[in-house]
Amino acid sequence: SQVNVSGVTTNANDWITLPSLNTVPDGHVIRVLCNAGANFEMRTPASSGEKINAVDSDGTQEYLCTDEENIVITKISNSIGWEAHAYSKLGADVGEVVPD
């Protein structure tokens with residue numbers, strides 16, 4: 001339920017992958033602590049068609065994880081996907097993040 005990303009291997013195009021929606025219950029929450037020293041990306045499993053914030057995020061589009069932020073990801077349902085919300089290191093709401 002909590003992941004501390006403490007480094008990137010190559011660059012900001014490195015990514016972490018969320019679990020497949022069908023492996024966790026509705027309402028499942030994951031916290032991603034962005035302590036990598038650089039930005040990275042978050043995806044859903046390859047070729048899954050699963051979404052983050054209503055955008056298919058299985059490789060062609062990814063959610064940007066900004067260093068020093070805390071991201072809270074909640075599974076809404078298998079059909080809707082994941083809802084992700086980021087907070088700054090000061091606890092401020094970062095606002096809408098759309099995978100690109």
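1. Asp26 is exposed, at 51% relative accessibility, whereas its salt-bridge partner Lys75 is buried, at 3%. Buried stands for under 20% relative accessible area, exposed for over 50%, and partly exposed for what lies in between (1.4 Å probe, protein chains only). The closest N and O atoms of Asp26 and Lys75 are 3.3 Å apart. Asp26 sits in the loop between strand 2 (15-17) and strand 3 (29-34) and Lys75 in strand 8 (residues 70-77), so this pair ties together parts that are 49 residues apart in sequence.

2. The model is predicted: local features need pLDDT of at least 70, side-chain atom pairs count only at pLDDT 80 or more, and totals for chains, interfaces and linings use all residues. Residues are numbered from 1 along each chain as its sequence is written, and side-chain values use heavy atoms, with hydrogens and water left out.

3. The structure contains three salt bridges, a salt bridge being a side-chain nitrogen of Lys or Arg within 4 Å of a carboxyl oxygen of Asp or Glu. One of them joins Glu62 to Arg43, with closest N and O atoms 3.0 Å apart. Glu62 belongs to the loop between strand 6 (55-56) and strand 7 (63-65) and Arg43 to strand 4 (residues 40-43), so parts 19 residues apart in sequence are tied together. Glu62 is buried, at 8% relative accessible area, and Arg43 is buried, at 15%.

4. Lys89 pairs with Glu68 in a salt bridge whose closest N and O atoms are 3.0 Å apart. Lys89 lies in the segment after strand 9 (81-87) and Glu68 in the loop between strand 7 and strand 8, so the pair ties together parts 21 residues apart in sequence. Lys89 is exposed, at 62% relative accessibility; Glu68 is partly exposed, at 43%.

5. The protein chain has zero helices and nine strands. Both are DSSP runs numbered from the N terminus: helices are H or I of at least four residues, strands E of at least two.

6. Of the 100 residues in the protein chain, 37% are buried. Taken along the principal axes, the C-alpha atoms fill a box of roughly 35 × 30 × 20 Å. Among contacts (heavy atoms within 4.5 Å) between residues at least 6 apart in sequence, 64% join residues at least 24 apart.
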